[in-house]
Amino acid sequence: MTIETSAAGAPVAQEELERLYAVMLRIRLFEDEIFRLFLANEIEGTTHLYQGQEAVAVGVCSALERGDMVAATYRGHGACLAMGSDPERLFAEILGKETGLNMGRGGTMNVVDLEHGVVGCFGIVGGSIAAATGLALASQLQRDGTVAAAFFGDGATNQAYFHECLNFAGARKLPILYVCENNLYGEWTPMQEVTAGGSIVARAAGYGIPAQVVDGNDVLAVREAAREAVARARRGEGPTFLECRTYRHKGHSKVDPGKYRPKEEVQEWMGRDPIPRLAAQMGDEAVERIHDEVEAEIEAALAGAKAAAWPDPASPATPWKESS
Ligand SMILES: Cc1ncc(C[n+]2csc(CCOP(=O)(O)OP(=O)(O)O)c2C)c(N)n1
Ligand SMILES: [Mg+2]
């Protein structure tokens with residue numbers, strides 16, 4: 001059932017390249033600021049950066065339509081911004097401000113942005129798999145034609161609900177994309193030391209789910225694979241599994257300098273950085289223009305979020321009304 005990585009798709013219009021590039025850069029520059037804020041203790045606790053993996057969320061989310069939903073992990077800033085979350089409201093959320101996406105009550109690891117199709121970022125490893133599978137079941141029962149996507153790491157494929165959910169989705173032909181972001185490590189542990197059988201895609205194939213290894217640092221390859229998967233889901237043909245091979249630039253979280261990774265490995269992956277890779281196809285004028293635009297946007301978003309008020313502790317913890 002394992003399917004080959006698709007050949008390069010049709011040529012992509014310059015406009016589309018620029019759009020994808022801007023979203024990846026938005027995530028990169030957003031997280032540069034987030035990292036600074038955490039290191040300066042302007043925000044307490046920890047954060048998990050998505051830098052290096054931007055092509056996965058941007059490629060997948062660019063294949064989705066309004067009404068489709070995603071569930072992401074604690075490394076979820078990328079998925080939120082790729083789905084169209086407002087950077088100022090995401091900054092505000094992480095800073096704990098009233099204007100935050102969840103009124104400052106969720107923070108970096110627990111963002112929800114239903115308006116943009118983000119059902120949640122989950123701190124429980126594998127939680128996103130269960131949430132997205134539930135969304136796909138709801139879509140099938142309600143026949144609303146929407147598709148769900150779950151983002152999760154290589155480590156999550158060793159969780160019990162990974163197997164339960166894939167089995168269920170395979171049996172019921174649910175409209176879902178399982179997007180494994182294989183960044184080679186689960187915290188400090190190399191993936192191959194804890195993954196029996198040596199192949200993640202083989203696990204999905206075992207549940208009758210078409211599964212494909214994708215270059216997760218090539219936004220166009222991810223987008224192409226995701227488009228095919230979304231079309232299959234909308235035709236009622238069931239789930240697809242994408243193992244996107246990628247690499248996080250930083251350590252697991254704020255407190256981890258990532259020193260357990262061989263220098264040569266880090267260097268090799270830095271050379272495959274998805275952002276310069278796409279830039280090389282766009283021309284200098286476009287790259288510089290977009291850089292200036294996104295930099296100004298992030299600066300303004302952070303200033304706006306910093307200027308926002310703190311929430312009133314007596315206010316409700318979510319912006320949603322309880323249904324009666
Ligand atoms: C159920 C559960 N077990 C353990 C943890 C602690 N933990 C947090 S992140 C992590 C590693 C997960 O690795 P992976 O799924 O590869 O995702 P990555 O962080 O590499 O994106 C672990 C074990 C947790 N949050 N939830
Ligand atoms: Mg991992």
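Student: Is Tyr185 buried or exposed in this model?
Tutor: This is a predicted model, and in it Tyr185 has a relative accessibility of 7%. Because buried means under 20% relative accessible area, Tyr185 at 7% counts as buried.

Student: Why does Asn183 count as buried?
Tutor: The cut-off for the term is under 20% relative accessible area. Asn183 counts as buried because its relative accessibility is 5%.

Student: How much of ligand 1 does the protein bury?
Tutor: An oxygen atom of ligand 1 is 2.8 Å from a polar backbone atom of Gly155, while a polar side-chain atom of Asn183 lies 2.9 Å from an oxygen atom of the ligand. For Tyr185 it is a polar backbone atom that is 2.9 Å from an oxygen atom of ligand 1. Taken alone, ligand 1 exposes 580 Å², and of that area the protein buries 73%.

Student: How many residues of helix H2 are buried?
Tutor: Helix H2 covers residues 54-61 and is mostly covered. Among the buried residues in H2 are Glu54, Val58 and Cys61, and the count for the helix is eight of eight.

Student: What is the mean pLDDT of the chain?
Tutor: Of the chain's residues, 95% reach a pLDDT of 70 or more, and the mean pLDDT of the chain is 95.  Over residues 1-7, however, the pLDDT is below 50. Where pLDDT is low, the predicted coordinates should not be read in detail. For the chain, the mean remains 95.

Key. Residues are numbered from 1 along each chain as its sequence is written. Chains are lettered from A and ligands numbered from 1 in the order in which they are written. This is a predicted model: local features need pLDDT of at least 70, side-chain atom pairs count only at pLDDT 80 or more; totals for chains, interfaces and linings use all residues. Side-chain values use heavy atoms; hydrogens and water are left out. Buried means under 20% relative accessible area, exposed over 50%, partly exposed in between (1.4 Å probe, protein chains only). Helices (H or I, at least four residues) and strands (E, at least two) are DSSP runs, numbered from the N terminus. pLDDT is the predictor's confidence in each residue, from 0 to 100. Contact means heavy atoms within 4.5 Å. A polar contact is a pair of N or O atoms within 3.5 Å; within protein, one must be able to donate a hydrogen and the other to accept it, and residues adjacent in sequence count only if both atoms are side-chain atoms. Accessible areas come from the Shrake-Rupley method with a 1.4 Å probe; for residues, only the protein chains shown count as cover.
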